[in-house]
Amino acid sequence: MSSTSNPTATQCYHCGEKCESDSLKIEDKVFCCQGCKLVYEVLAEKDLCDYYNLESFPGESQKKRSTLRNRFDYLDDPETQSNLLDFKNQEESHITFYIPLIHCASCIWLLENLYHINAAITFSRVDFVKKKVQIKFLHDKISLKAVVELLSTIGYEPKINLSNLEEKSVHHTDRRTITKLAVAGFCFGNMMLFSIPEYFSETALIAENFRGLFNYLNILLALPVVIYSASDYYLSAWNSIKQKRINMDVPIVLGIIALFFYSLWEVLTYGNAGYMDSLGGLLFFLLLGKVYQQKTFATLEFDRDYKSYFPIAVTRLIQSREEVIPLSKLEVGDVILVRNEELIPADALLLSSDANIDYSFVTGEEIPVPKRKGELIYAGGRQSGEPVLLTVQKSPSQGYLTDLWNNESFEKEKDGLLEPLSNKISGVFTWSVFAIAVSTFIFWAFQDLSLAVKSFASVLIVACPCALAMSTPFTLGNTLRIFGRGKFYLKNASVVERLALVDTLVFDKTGTLTDPSEATINYVGEPLTIETKQILKSMVSRSTHPLSNRINAWLGPIEAKKIDQVKEVKGNGITAVFKGQELILGSKTFANFKSDLQTESGNLVYLSIEGEEIGAFHIESGLRKGAEKLIRELESEYPLHLLSGDHPHEYDSLQEKLGTSMLYNFLQSPKDKLEYIKNLNRKKNNTMMIGDGLNDAGALRESTIGVAVTDQVSHFSPASDAILSADSISKIPGFLSFAKDSRAIIKASFVLSFLYNIVGISLAVQGVLSPVVCAILMPLSSISVVVFTTLATNAVAWKKGLLTKNHL
């Protein structure tokens with residue numbers, strides 16, 4: 001059948017793809033495949049066709065949907081169920097699924113109306129940002145397996161993998177901090193309201209007898225702020241003291257204590273208003289900065305390992321009978337069936353006569369490797385072609401690929417690599433302020449005890465390093481935001497500081513510096529006629545092999561000929577018959593080529609017709625747009641290294657394009673890459689590894705900064721400190737430079753804060769400033785530092801081209 005695309009072809013009513021014919025039709029609605037037609041029939045039967053009214057073509061194509069009837073059998077396993085379920089009682093079960101196909105309002109509407117399809121589903125709620133759906137169902141009436149089958153039937157199959165089976169700690173820090181911020185905000189607002197009599201004491205707007213009541217109410221409101229909202233600062237300060245060091249939270253705690261007890265003394269002893277409203281404002285602004293600091297990109301996953309990629313179940317053969325079991329129950333000696341494009345979950349021996357294993361998942365090399373019966377196949381390979389039988393040699397947790405995650409590099413934490421700048425100076429600052437405050441108290445105590453207490457509290461309050469403490473999180477937080485605008489997503493603020501220290505860059509090749517869509521193709525041999533090109537178009541359009549896809553793109557929108565007996569031998573090539581003549585497109589031996597074509601780089605795909613040698617396609621990987629300019633900008637400032645799992649056939653070509661300053665390394669396995677980074681680190685280098693494949697995960701983890709490059713930031717990527725969109729790879733020099741400038745901005749904000757403290761303390765020790773004036777100046781100084789850091793980071797980012805005027 002010709003694969004010629006008809007420009008007037010009807011679009012599928014469900015997914016919008018062009019239909020090759022109108023044979024699949026219901027009334028006036030045409031479908032591209034049986035899968036899309038089935039989804040429509042299910043929705044029509046349940047009167048849910050409003051799904052199509054909300055969006056045009058809301059569904060995803062169902063052409064590639066698996067039709068294996070037993071592929072969800074593993075969900076009947078009680079152990080698997082208990083690991084997947086969020087909650088279960090005698091009647092109801094709750095579960096949360098990740099469904100990557102959620103993309104529009106229709107998806108949300110349909111998934112939240114599942115109870116119309118099956119009444120045993122009592123509740124469903126979609127989190128559109130995270131592409132997750134929470135489902136509650138009556139397990140006596142519908143099983144977990146049936147729920148997943150239902151979702152698959154309507155075109156929203158959940159993504160379930162090994163990582164779903166493990167309990168992961170849920171960090172409630174953000175929620176608790178927001179709660180504390182809310183408490184501080186509520187109390188601060190009401191304390192400001194109750195302090196109106198003090199602010200307008202000259203106007204007598206409120207009766208005098210109410211003023212005392214309001215002062216006591218302010219004390220009551222200050223208690224939850226001091227006890228609850230400030231609790232994290234007490235804990236941090238105490239832990240710091242226990243470790244015999246001083247962090248920035250210690251002077252903050254001293255300031256809180258001094259302001260609270262001095263205010264109590266003022267209210268209870270003299271009947272004055274005190275400064276509880278200022279204390280509430282202090283905690284509110286501090287927590288506001290903390291929330292800003294903790295803001296992260298919640299939709300991205302930075303800590304993925306092999307369990308996020310491996311299937312949750314595998315097909316095992318017992319006496320020629322297939323059964324689908326959880327991967328956790330796979331044992332050494334089991335015989336498994338691996339189908340086309342399925343991942344091999346454990347190191348195993350091949351029982352079938354041959355196989356073609358795509359190791360791009362592991363090594364980055366995209367050309368499938370032919371294997372023969374009896375050969376060992378490593379976990380992480382993907383079978384290309386007919387189903388194969390294998391016998392398991394090692395458990396999934398002990399295979400070649402998983403050995404990588406047992407490496408010590410994955411056990412260490414990076415957060416302590418660079419101590420925050422504020423903590424480095426907080427010790428000296430705290431002891432200095434405390435010494436000045438005590439000296440001031442002693443000096444004035446012999447003259448006026450009331451003035452001594454006032455001066456002591458004023459020094460601690462005016463010197464409370466709020467501005468100093470807030471400058472770092474606000475600067476780094478704004479830097480994270482600017483990086484995010486440039487599609488560079490950092491795991492947390494500490495990564496910015498480590499990024500500023502990077503002095504060595506290491507690149508992966510395939511998928512990082514090279515882009516399959518930028519591949520170059522040159523044909524060598526007898527000129528190809530239009531008819532031959534049309535035949536080739538028909539052959540390569542039926543293959544999913546990367547080299548076939550590139551030839552298909554090279555041929556362009558040419559009309560395909562109708563050919564017969566098309567057969568693809570995975571890993572070798574394609575054969576077809578046209579008007580009785582056999583055409584072979586593939587490897588040199590497969591096409592029976594005798595001539596030796598010399599090439600220093602790239603891959604060769606040979607074409608023969610009826611045994612006659614016609615020619616060959618020379619295909620070279622293309623560099624990403626901006627890759628050459630990127631290397632030119634970096635090579636003058638950083639030592640550059642390249643690690644690739646490919647063969648060195650493109651060495652000369654890469655040297656010509658990227659220059660000779662880079663150190664090239666080929667045939668690098670995942671462990672080789674990991675050891676390479678370790679060797680660099682032993683030499684006291686601060687390394688940044690930039691890679692895209694799971695094979696780079698060890699190196700990404702071991703490096704000072706691991707950056708995962710991906711074309712879709714919301715899709716799977718290796719464990720990393722940062723995720724970089726592929727179209728922003730040319731901005732790496734700007735990102736590195738901006739990280740260094742952010743560090744300089746923090747230092748400048750420290751200077752600004754110190755100048756404020758010097759002036760404020762010098763006035764406070766003289767007794768000129770009252771605590772209330774100090775409490776007013778304190779948030780003003782913090783605001784001024786925040787404004788300075790925000791404007792400074794925006795200005796620097798705009799100058800480096802990381803922000804446009806629309807972002808400022």
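Begin by selecting residues 231–242, which form helix α10: the helix has 12 residues and reaches 17 Å from its first C-alpha to its last, close to the 16 Å expected at 1.5 Å a residue. Bear in mind throughout the tour that this is a predicted model.

With α10 still selected, show the side chains of D232, Y233, A237 and S240, which are the buried residues of this helix. Because these residues cover an arc of only 130 degrees around the axis, they lie on the same side of α10. Following the chain onward, select K244, which comes after α10 and has a positive phi, near 60 degrees.

The next stop is a sheet. Select strands β12, β11 and β14, which make up an open sheet of three strands in the order β12-β11-β14, with antiparallel pairing. Its edge strands are β12 (369–372) and β14 (382–383), each of which pairs on one side only. Strand β11, residues 354–358, runs antiparallel to β14 and is joined to that strand by two bridges; to find a bridge pair, select D358 together with R382, its partner in β14.

End the tour at F441, which is placed in helix α14 and is partly exposed, with a relative accessible area of 30%.

Technical notes: Residues numbered from 1 in each chain as written. Predicted model: local features only at pLDDT ≥ 70, side-chain atom pairs only at ≥ 80, totals over all residues. Heavy atoms only, no water. Helix = DSSP H or I, 4+ residues; strand = E, 2+ residues; numbered from the N terminus. Buried < 20%, exposed > 50% of the residue type's maximum accessible area, 1.4 Å probe, protein only. Pairing = 2+ DSSP bridges. Expected span 1.5 Å × (residues − 1). Arc of directions from axis to C-beta.
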